[in-house]
Amino acid sequence: MREARPFSDPWRRRKSAAFDLTASSSAGRTVRVDLWGRRLEMYANANLSIYSGQACNARCPFCVEELRPASRGARLDKTVEPDDERYFGALRATLAALRPLDPSVSVTGGEASQDPRLPRILRTIAEQGARKRTLTTNGSGLLDVREGRPVIEWIASTGVRHLNVSRAHPDEARNGRIMGAPGQLLSAQGLREVAARARASGTRVRLSCVLLDEGVHDLDGVLAYVDFARSLGVDNVVFRQLMKTDPESHAASEVVRYSEAQRVLLGPLLDAISLDRRFAFERQIVGYYYYVEVWRAFGADVVFEEADLAQLERTKHATPGVVHELVFHPNARLASTWQPWDGVLGPP
């Protein structure tokens, strides 16, 4: 990773459009990887996402899992490899093949905490020694018992470094309504228990909040949410602008319509944060389709993130031959995109 840079206002204005692999990216270089006989240029700080085949039990109207295919004019069509030995054989082969890159590894969904395969997935990642491990969840299954242990203990015992829990609002009833899962998500007390167990093992919990007109949408809402997180023993919070898509290519789906109607723009909120002396600037990250600012306030890291799926496609066209991200799909195939039919890399 490069040394921290001073704040750049042009980066804030241009967001991910300011991405330049050598000048503004976090790694600044690519790595050549021989992947099953194919020599590929991969972004040196690329992430490997292990995409859970477990269907989500929530019905978030802003669902990223549905938005990604919708951004390319398609609907979610997820095929799952049913045979455990074939699935885990391919996962082990993928992790071994990517060892020269040494990517960070994220487990996401769907809903990973409800996935019967999750304990074995986490053990497999740990056995291969991935340098940084993250799991993203709505939290609903973290206290469920799988293979004789609560899921949170599997997470803690297998070296997961960051546990991202999606939470749209501090109020439980409002959160359940927004996320389309009333009564199914962890209560504040459940989150407090999860945070305590994670902290005891060195796993850091982050609460993830989407900015919505009907939810958290201004500085006062941000402050109230951070206060809620601190009451749970959580010192890491991220606020996300709803992903943008290209009107020329996206499908006219409900998730696209909701996102267009409910999106809260990050720029004005960041300008207000900059004027608030309670917040101290830490760093900016310019990714190939995302932009991040990290601030410190009230004893917590307060992170703001914007992503643009249209910019993702533009960057891919501008840097042909460079693999920016890696996704191990539920069908046990590795691809360079979130679509299982696009950019398939193996295993053979």
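**Close-up legends**

View 1. A polar atom of the His169 side chain lies 3.1 Å from the backbone nitrogen of Asp171. That's a polar contact: a pair of N or O atoms within 3.5 Å, where, within protein, one must be able to donate a hydrogen and the other to accept it, and residues adjacent in sequence count only if both atoms are side-chain atoms. This is a predicted model, so to speak of local features takes a pLDDT of at least 70, side-chain atom pairs count only at pLDDT 80 or more, and totals for chains, interfaces and linings use all residues. Residues are numbered from 1 along each chain as its sequence is written, and side-chain values use heavy atoms, with hydrogens and water left out. With a relative accessible area of 13%, His169 is buried (under 20%; exposed is over 50%, partly exposed in between; 1.4 Å probe, protein chains only). Neighbours within four places in sequence aside, His169 is in contact (heavy atoms within 4.5 Å) with Arg174, Asn175, Ile178, Gly215, Val216 and Tyr225.

**View 2. Phe239 and Phe304 in the largest nonpolar core.** A nonpolar core here is a set of buried Ala, Val, Leu, Ile, Met, Phe, Trp, Tyr and Cys residues joined through side-chain atoms within 4.5 Å. The largest one has 90 residues, and Phe239 and Phe304 touch the most other members. Helix 8 (residues 219–231) gives the most to this core, with seven residues. Another core, of 12 residues, lies apart from it, and Phe62, Ala168, Leu212 and Leu242 are among its members. Skipping neighbours within four places in sequence, the contacts of Phe304 include Val222, Phe239, Leu266, Tyr291 and Trp295. Ring pairs also link Phe304 and Phe239 with Tyr225 and Phe228 into a cluster.

**View 3. Aromatic pairs.** Rings of Phe, Tyr and Trp (its six-membered ring) pair if their centres lie within 6.5 Å; planes under 30 degrees apart are stacked, over 60 edge-to-face, and the rest tilted. That rule gives 13 aromatic pairs. Take Tyr87 and Phe88: edge-to-face, 5.0 Å centre to centre, with 85° between the planes. Both Tyr87 and Phe88 are buried. Phe279 and Phe298 are edge-to-face too, because their ring centres are 6.0 Å apart and their planes stand at 90°. Phe279 comes from the loop between helix 10 (266–275) and strand 11 (280–286), and Phe298 from the loop between strand 12 (290–297) and strand 13 (300–307), so this pair ties together parts 19 residues apart in sequence. Phe279 is buried at 7% relative accessibility, while Phe298, at 44%, is partly exposed.

**View 4. Arginines over rings.** A charge sits over a ring if NZ of Lys or CZ of Arg is within 6 Å of the ring centre and within 35 degrees of the ring normal. Arg117 lies over the face of Tyr87, 4.4 Å from the ring centre. Arg149 has its charged end over the ring of Trp154, 4.8 Å from its centre.

View 5. Six bridges join strand 1 to strand 2, running antiparallel, and Leu35 has Arg38 as its bridge partner. In their hairpin, which has two residues between the strands, Trp36 takes a positive phi near 50°. Strand 2 (residues 38–43) and strand 14 run parallel, joined by two bridges: Glu41 partners Val322, and Met42 partners Val323.

Conventions:
Helices (H or I, at least four residues) and strands (E, at least two) are DSSP runs, numbered from the N terminus. Two strands pair if DSSP finds at least two bridges between them.
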